[in-house]
Structures are given as C-alpha cells and as structure tokens.
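Me: I have not looked at this one before. Can you walk me through it?
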Amino acid sequence: MKGILHMKYFKTAQFVPNKGDAWTYYECDDTEKIIRQLTHIPETGETDRIPDPIVKKLYRPEKLQPASSEEFLRLWGQE
C-alpha cells in the first residue's frame, strides 16, 4: 500500500561520566531517514526528545542495535 510508513527503530549507548549510559533512540522511515530522536539516561531519569532532528541520516547504521516501537513510544510519552 502506498502512503503507509513502516517505521524502524534503532538505539545505541554511550557512557556519560557520573550519569551512566545514555541511550539514543531513532525513529526512522523505510529509507532510514530519521523522523524523531530521543536520548534517555536510565540512572538519572533524564530524557531529551527531538521531534525534528537536524541530522536526518543515520550515521553508521550497522553499529546500531534494533529497538522496538513500544520501547521508543514509551520513552517518548514519559513525563
């Protein structure tokens, strides 16, 4: 069906001193264009949401881990 987007989700972690791992999640379309992005630090509860990221192309997608839509959407909706 034309016009229906099938989203893909990815994540990667980077250590942040005194905070723990910062997980960056990407929501992408079929062409792997980044639609939304968020960074979550579980140990501190910090979450930064970027609804329209400047960078639209995944950098080194082979290094990313798959993430689920449920995981991304749960973090996106947290207060």
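Reply: One term to begin with: a residue counts as buried when its relative accessible area is under 20%, and as exposed when that area is over 50%. The model is predicted. Buried residues make up 34% of the 79 residues in the protein chain.

Me: OK. How many helices and strands are in the chain?
Reply: The protein chain has 1 helix and 5 strands. Read from the N terminus, the order is β-β-β-β-β-α.

Me: Now the helix. Which residues of helix 1 are buried?
Reply: Glu71, Phe72, Leu75 and Trp76 are buried in helix 1, which covers residues 69-77. Seen down the helix axis, the buried residues fall within an arc of 125 degrees, so they line one face of the helix.

Me: And what covers them?
Reply: The cover includes strand 1 (8-16), strand 2 (20-28), strand 3 (34-41) and strand 4 (46-50). Trp76 itself touches Arg36, Gln37, Leu38, Arg49, Ile50 and Pro51, leaving aside residues up to four places away in sequence.

Me: Which residues make up the largest nonpolar core?
Reply: That core has 8 residues: Tyr9, Trp23, Tyr25, Leu38, Ala67, Phe72, Leu75 and Trp76. Strand 2 and helix 1 are the elements that give two or more residues to it. Helix 1 supplies the largest share, 3 residues.

Me: What about a second core?
Reply: A separate one has 6 residues, including Phe10, Tyr26, Leu58 and Leu64.

Me: Switching to charges. How many salt bridges are there in the whole structure?
Reply: The search finds 6. One of them joins the side chains of Lys11 and Glu71, at 3.2 Å from N to O. Lys11 is in strand 1 and Glu71 in helix 1, so this pair ties together parts that are 60 residues apart in sequence.

Me: Is Lys11 buried or exposed?
Reply: Lys11 counts as buried, because its relative accessibility is 15%.

Me: Which residue does Lys19 pair with?
Reply: Lys19 forms a salt bridge with Glu46, at 3.1 Å from N to O. Glu46 lies in strand 4 and Lys19 in the loop between strand 1 and strand 2, so the pair links parts that are 27 residues apart in sequence. Glu46 is partly exposed at 32% relative accessibility, and Lys19 is partly exposed at 30%.

Definitions and conventions: Residues numbered from 1 in each chain as written. Predicted model: local features only at pLDDT ≥ 70, side-chain atom pairs only at ≥ 80, totals over all residues. Heavy atoms only, no water. Buried < 20%, exposed > 50% of the residue type's maximum accessible area, 1.4 Å probe, protein only. Helix = DSSP H or I, 4+ residues; strand = E, 2+ residues; numbered from the N terminus. Arc of directions from axis to C-beta. Contact = heavy atoms within 4.5 Å. Core = buried A, V, L, I, M, F, W, Y, C linked by side-chain atoms within 4.5 Å. Salt bridge = Lys/Arg side-chain N within 4 Å of Asp/Glu carboxyl O.
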